[in-house]
Amino acid sequence: MKLLAAIIAAMMLIPVSAYAQQPGPSRFDIIQANYSGPVFLDAFWTDRTTPPATGTSLQKVEVAPGDGASVLAVTLANRGFSEITAVRGTLSLPTGFSSSGGNEAEASNSGIVSAGGVFTLFFQVSVSERTRVGDYSTSLHVEYSRTLETGTPRTADLNIPFKVTGKVIIDASAQGGVASGGSSRVPIEITNTGSAPATGVVVTVPGSSGVNTTTQQAAIVALGQKTFELGVIPPGESKTIEPTLYVAETSGEALQAVALNVTYGNAYGERKTSNVPVGLVVLPETASSPVSVSPVGESSIITAGKITDLSVSLINNRDQELSDVVVSVSSQSDSIKILGFTSWSIGDLQAGSSQEISTRVFASEDMIGRATTFVFTVQHVSAGQPQVETVSLGTYVDGEISIKAYEVGVTYIGGRPNLTGNLLNEGNVLALFTTVQVVSAGDLVESLPPQQYLGDLTENSPLPFSIPIDVPEGTGAGTYPVELKIQYRDTLRQLHTLDVSANVDFVPEVVTENGSQQAGSQAMASTVAGGVAAAAVIAFVIFRMRKKAKLKRTLQFSKQNGGQDIESVLDTHLGKPEEKK
């Protein structure tokens, strides 16, 4: 017992600071049971920079290449029997990531972490376009102190694996219109426009949608199957559902929206729910007939303000042949004119067969956003008896969006280079939710800037844009290729993408001590110096010419007055007295 007491007394005499000055643990030490200090638990992206309220957990968010400013949460645990505090972490950033500190990001936790406690360091990181979706690994240097120690902080070097998850973005669009007054299967395309796969996708069609303004009842009712399991939708791919929808008779010539409920697993395996609206063009009621017509291709939508092809398929729904078939077409609206053929001689049409016919139509711009009807009159002979049948085809009149980009260049604004330009919508309807993004700029920019939201693009009205860019130091003057991606939605909320390529001229701005542009000052100085030199030469030439002319007049006067010699004339001219002979 006396020996044990002596050993304990000797240990108490050792200064506490001696422990604090020990070197940091190696990778081998950390995995050993006797290591006491911070250890890595998890790393993920989140939407905040401070710990959440007690009893709640951090929300994990998806991050994709080009997202810019993001927050990487690194969760650590205090593996030991002592409290630690003043934790400071320095995270080395792989290529494609940056922070205000360059290629290192810093975070700290000033609280007291109990033995076995868990804490989080929040690193603010910028994710550039040069990153890729996938796994990364980097190092974290941690400095910390034990609450009962003084002196130099302890250190630990940890390996931090993390992942750029990509994002799941679900969109939906209806393929064609739906007829009012009946039920039909409507193909709806579900598309993942993001950069991460959507797993376990389930789409639910609501039982009813919209409101009939006449009856105050549902305009669209889903019949039969309402839930569709689509499985995995990889980035950039689509899957189609075909729900059966009933549309009320009085809902024709209108645009209805169905809010689809989409659930899926994101990159973290978490279940997410998204309400995705899809616009449906409700066409006017069509009369039932043994002979029918259906639109071919995109003929169910007519573009206002321009000549559009209208192609339909004439179908013999009977079980017997139709002979001497003659078809004519007329428009039910005075704002839509038929410019092409208005009648066709088909001849014989076999049972169950079809015949395609086409013409050209023009719709005025006051029809934009409205549905209209074309009436087809079919004359034929069936079973030896002449018959006349009338069938209708409903169409939707949409506007045109045609976007052009011009005057793309580099302009210095407040001493910082900006990629500037103008967008012009040469169509006749708004381009909704317009965005512009630099997707490639060669050696002109150091890192691609984030997407810029411009809002609605009015027709025939230029919309300027200005995107700040980081030009690498030492970039010389020249012409650089730039690629832009412009995205917008039409009146049916369908997404469109336009790729624009341009060559921009860049002249670096050099600022002198007085704040002016050196290149401009040198050019002005050169111009002024050249002007002064030219003026001096002109003045000298004029002086010589005037002197020579005056001398010539003096000689002529001398000849007229006695013919003095040249020497006398010069003396007289210079005002000297003439010598006496």
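**Contacts, burial and pockets**

Tutor: Let us begin with Ser70. Beyond its neighbours within four places in sequence, Ser70 is in contact with Trp45, Val63, Phe123, Gln124, Val125 and Val127. Keep in mind that this is a predicted model.

Student: In which strand does Ser70 lie, and is Ser70 buried or exposed?

Tutor: Take the strand, then the area. Ser70 lies in strand β2. Its relative accessibility is 10%, and buried means under 20%. Therefore Ser70 counts as buried.

Student: Where is Asn78, and is Asn78 buried or exposed?

Tutor: Asn78 is in strand β2, which covers residues 68-79. The relative accessible area of Asn78 is 2%. The cut-off for buried is under 20%, so Asn78 is buried.

Student: What lies around Asn78, and how far is the backbone oxygen of Ser82 from a polar atom of its side chain?

Tutor: Set aside the neighbours within four places in sequence. Asn78 is then in contact with residues including Gly37, Glu83, Ile84, Val113 and Phe119.

Student: How far apart are the C-alpha atoms of Glu356 and Val312?

Tutor: Glu356 lies in strand β27, residues 354-363. Not counting residues up to four places away in sequence, Glu356 touches Val296, Ser311, Val312 and Ser313. Glu356 and Val312 are 44 residues apart along the chain. Their C-alpha atoms are separated by 5.7 Å.

Student: What share of the contacts with a separation of 6 or more comes from residues 24 or more positions apart?

Tutor: Now think of the whole protein. Its elements are 5 helices and 36 strands. Count the contacts with a separation of 6 or more; residues 24 or more positions apart account for 69%.

Student: What percentage of the residues is buried?

Tutor: Start with the surface. The protein exposes about 31,700 Å², and carbon and sulfur atoms supply 52% of it. Next take the 581 residues: the buried ones make up 38%.

Student: Which strand gives the most to the lining of the largest pocket?

Tutor: The largest pocket has a volume of about 900 Å³. It is lined by 43 residues, with Gly176, Gly177, Glu298, Ser300 and Ile301 nearest its centre. Several strands each supply at least two lining residues, among them β9, β20 and β29. The one that gives the most, with 6 residues, is β29.

Student: How many residues of that lining are charged?

Tutor: Sort the lining of the largest pocket by type. There are 19 nonpolar and 20 polar residues. The charged ones number 4.

Student: Which elements give two or more residues to the lining of the second largest pocket?

Tutor: About 770 Å³ of space lies in the second largest pocket. Of its 23 lining residues, Ile169, Gln437, Gln451, Lys485 and Gln487 are the closest to its centre. The elements that give two or more residues are β32 (431-440) and β35 (478-489).

Student: How many charged residues are in the lining of the second largest pocket?

Tutor: Sort this lining too. It holds 9 nonpolar and 8 polar residues. The charged residues number 6.

Methods: Residues are numbered from 1 along each chain as its sequence is written. This is a predicted model: local features need pLDDT of at least 70, side-chain atom pairs count only at pLDDT 80 or more; totals for chains, interfaces and linings use all residues. Side-chain values use heavy atoms; hydrogens and water are left out. Helices (H or I, at least four residues) and strands (E, at least two) are DSSP runs, numbered from the N terminus. Buried means under 20% relative accessible area, exposed over 50%, partly exposed in between (1.4 Å probe, protein chains only). Contact means heavy atoms within 4.5 Å. Accessible areas come from the Shrake-Rupley method with a 1.4 Å probe; for residues, only the protein chains shown count as cover. On a 1 Å grid over the protein atoms alone, a cavity is a set of points where a 1.4 Å probe fits but cannot get out, and a pocket is an open set with protein on both sides within 12 Å along at least five of seven lines; lining residues have an atom within 4 Å of a point. Grid points are joined across faces, edges and corners, and a volume is the space filled by probe spheres set on the points. Ala, Val, Leu, Ile, Met, Phe, Trp, Tyr, Cys and Pro count as nonpolar, Asp, Glu, Lys and Arg as charged, and the others, Gly among them, as polar.
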